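Please read the points below with the model open beside you, taking them one at a time and finding each residue as it is named.

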Amino acid sequence: MFSAAISKTRVPIVRNARAFVATAQRKTSEESQAAIAERARKNRPVSPHLGIYKPQMSWVLSGLHRNTGVLVGGAAYLYTAAFGLAPIFGLDLGSVTAAATVASIPLPLLLATKALIASSLSFHCFSGIRHLWWDSGRSVTNQGVFKSGYAVLTATALATGYLTFF
């Protein structure tokens, strides 16, 4: 009875099986091995990375927060190192020299520089507050992420405008 049910529902276990025949290995030179490896690399698929994803506010602002942190922190670190090493090299990085240097910069370049510094610093500051807000367990829903993201962008725009022109 049990064996009759099995015999009626036979399913082939192997489908489309290929027979592989063992062949003798060939000795290849280093040049031909390099050529084989190069052909294999050309046929390898390329990883799509971020290009296949639709940009979303959460990961775009998170990446921007990291990049502005590197920019602001790196600039502060370099200026501090330069200020500390200036006397060794006979340079004057005092406030009078810095003010005279800034006064000699053409206005469009000065405004662009101030806008870059102000936007980086203010965005990183406001985004850091946003991350601290999340760490307290608040606004971690999709709606909260979007609201806080737009709040950070708005505060950054206002602070950048104020710091650039005043």
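**Notes on the helices**

1. In this predicted model, helix α5, which covers residues 107-135, has 29 residues and reaches 41 Å from its first C-alpha to its last, a span close to the 42 Å expected at 1.5 Å a residue. Just after α5 comes G137, which takes a positive phi of about 90 degrees.

2. Along α5, the buried residues are L110, A118, S120, S122, F123, S127 and R130, and when you look for what these buried residues pack against, you will find α3, α4 (95-103) and α6.

3. It is also worth looking at how α3 (residues 57-89) and α6 (residues 142-165) pack, for their axes are 10 Å apart and form an angle of about 40 degrees. Angles under 35 degrees count as roughly parallel and those of 65 to 115 as roughly perpendicular, and α3 and α6 are therefore oblique to each other. The crossing of these two helices, α3 and α6, is left-handed.

4. Where α3 and α6 meet, M57, S58 and L61 come from α3, while V145, F146, G149, Y150 and L153 come from α6. Sorted by class, this contact has six nonpolar residues, two polar ones and no charged residues.

5. For the protein as a whole, there are six helices and zero strands, and the elements run α-α-α-α-α-α from the N terminus on. Of its 166 residues, 13% are buried. If you take the contacts between residues at least 6 apart in sequence, 74% of them join residues at least 24 apart.

Conventions:
Residues numbered from 1 in each chain as written. Predicted model: local features only at pLDDT ≥ 70, side-chain atom pairs only at ≥ 80, totals over all residues. Heavy atoms only, no water. Axes fitted to C-alpha atoms, helices over the stretch in contact; angles between N-to-C directions. Helix = DSSP H or I, 4+ residues; strand = E, 2+ residues; numbered from the N terminus. Parallel < 35°, antiparallel > 145°, perpendicular 65-115°, else oblique. Left-handed = near helix turned anticlockwise from the far one by under 90°. Contact = heavy atoms within 4.5 Å. Nonpolar A, V, L, I, M, F, W, Y, C, P; charged D, E, K, R; others polar. Expected span 1.5 Å × (residues − 1). Buried < 20%, exposed > 50% of the residue type's maximum accessible area, 1.4 Å probe, protein only.
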